[in-house]
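Take a look at the overall fold first.

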Amino acid sequence: MDADALTDARRAEWARLDELSRAALDGAAVDELIVRYRAASADLAELKTSVGDSPQGNYLSTILVRARMRLTGASDSVLTQAARFFADQLPAALYRLRWTTLIVAVSFVVIALGTAFWISNDPALIATLGPPDALQQYADESFTGYYTENPAAVFMGMVWTNNAWIALQCVLFGVTGIWPLYMIVQNAFGLGVSGAVMIAHGQGDVMLLYILPHGMLELTCIFVAAAAGLHVFWSWVAPGSRTRTESLAIQGRSLATVALGLVFALFLAGLVEGFVTGWALPWPLKIGIGAAALAVFLIYMLVVGGRAYRRGETGDLVEYEAGTPRLLAG
């Protein structure tokens with residue numbers, strides 16, 4: 001579809017809608033405003049689907065914001081906003097991060113495994129980590145005891161709060177470009193050191209069994225959070241045709257949805273860690289539950305998110321709520 005041709009064909013109708021949204025209205029004028037609002041909304045949807053972001057769409061969205069406020073005087077209900085958030089905005093925002101998430105995940109695994117095998121194969125490095133008896137106790141008791149020393153509900157709340165805070169930091173402080181990388185490297189190195197102690201004492205398989213059930217989803221959420229933070233950073237490094245402020249605002253709004261969504265995903269990971277990992281269940285069942293939790297998240301991110309993204313969703317506020325902060329000639 002030619003955006004310029006549609007604009008030329010609809011210019012008078014859009015101008016009339018803009019005029020009605022500013023004028024005093026009687027009953028007939030209100031009816032006309034509603035009819036023209038619906039028609040212009042369809043035009044905007046067609047523009048977004050066919051050409052994506054465009055000056056013509058920005059112009060029309062500005063008119064629709066004013067008309068919408070004239071019609072309703074308020075935003076959508078909480079239930080409507082929540083449904084749109086979980087069905088469109090959140091999955092689309094997650095889908096946009098898929099490749100960066102994969103890069104972060106591979107980097108994390110390489111650092112963690114490299115650290116574990118490097119240290120575990122050097123007795124001198126193992127000796128720097130602590131007294132031999134303390135390391136032996138960690139491998140034999142402390143590592144596994146961590147998952148059962150507190151009641152399941154209390155433990156779940158602790159890990160959920162901690163992991164949600166890590167994810168929020170990655171997104172909120174992502175504008176620095178340093179903090180997400182620091183969090184990923186720090187956690188990968190820490191996991192690698194723990195792995196080195198367990199491997200050196202013949203407990204590497206035990207560590208793997210205790211990490212996998214909850215770790216598959218938990219670590220994926222952290223990878224997504226780091227990817228979101230890096231996208232926020234890149235939005236002001238390479239803003240494209242927008243100003244840095246505008247680019248940062250748009251990415252900040254859309255990726256803030258990721259931070260909120262990860263709180264729910266990490267709650268699910270916390271449930272697995274608190275009520276599955278430390279329980280006396282067969283290990284295939286534990287790992288199967290963890291894999292199922294990860295599968296749900298990935299389907300939501302890649303399948304549901306892909307569909308929402310192809311419909312024109314980005315994770316940002318809808319046109320009617322965000323408006324157009326600046327029109328660009330093009």
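Helices here are DSSP runs of H or I with at least four residues, and they are numbered from the N terminus. The model is a predicted one.

**Overall fold**

Read along the sequence, the pattern is α-α-α-α-α-α-α-α-α-α-α-α-α. That gives 13 helices and 0 strands. The radius of gyration is 25 Å, well over the 20 Å that the globule rule gives for 330 residues, so the protein is more spread out than a compact globule. The C-alpha trace spans about 85 × 35 × 30 Å along its principal axes. Of the 330 residues, 41% count as buried. Now take the contacts with a separation of 6 or more: residues 24 or more positions apart account for 80% of them.

**One helix pair**

Two packed helices are described by the angle between their axes and the distance between the axes. Helix α8 packs against helix α10 at an angle of about 20°, and their axes lie 7 Å apart. Angles under 35 degrees count as roughly parallel, and α8 and α10 are therefore roughly parallel to each other. Their crossing is right-handed.

Which residues of α8 and α10 make the contact? The table lists them by helix.

| Helix | Range | Contact residues |
|---|---|---|
| α8 | residues 152-172 | N163, I166, A167, C170 and V171 |
| α10 | residues 204-237 | E218, I222, A225, A226, A228 and G229 |

What kinds of residues are these? The contact of α8 with α10 divides into 8 nonpolar, 2 polar and 1 charged.

Note on methods: Residues are numbered from 1 along each chain as its sequence is written. This is a predicted model: local features need pLDDT of at least 70, side-chain atom pairs count only at pLDDT 80 or more; totals for chains, interfaces and linings use all residues. Side-chain values use heavy atoms; hydrogens and water are left out. Axes are lines fitted to C-alpha atoms, for helices over the stretch in contact, and angles run from 0 to 180 degrees between N-to-C directions. Helices (H or I, at least four residues) and strands (E, at least two) are DSSP runs, numbered from the N terminus. Angles under 35 degrees count as roughly parallel, over 145 as roughly antiparallel, 65 to 115 as roughly perpendicular and the rest as oblique. A crossing is left-handed if the near helix is turned anticlockwise from the far one by less than a right angle, and right-handed if clockwise. Contact means heavy atoms within 4.5 Å. Ala, Val, Leu, Ile, Met, Phe, Trp, Tyr, Cys and Pro count as nonpolar, Asp, Glu, Lys and Arg as charged, and the others, Gly among them, as polar. The radius of gyration is taken over C-alpha atoms; the globule rule is 2.2 Å times the number of residues to the power 0.38. Buried means under 20% relative accessible area, exposed over 50%, partly exposed in between (1.4 Å probe, protein chains only).
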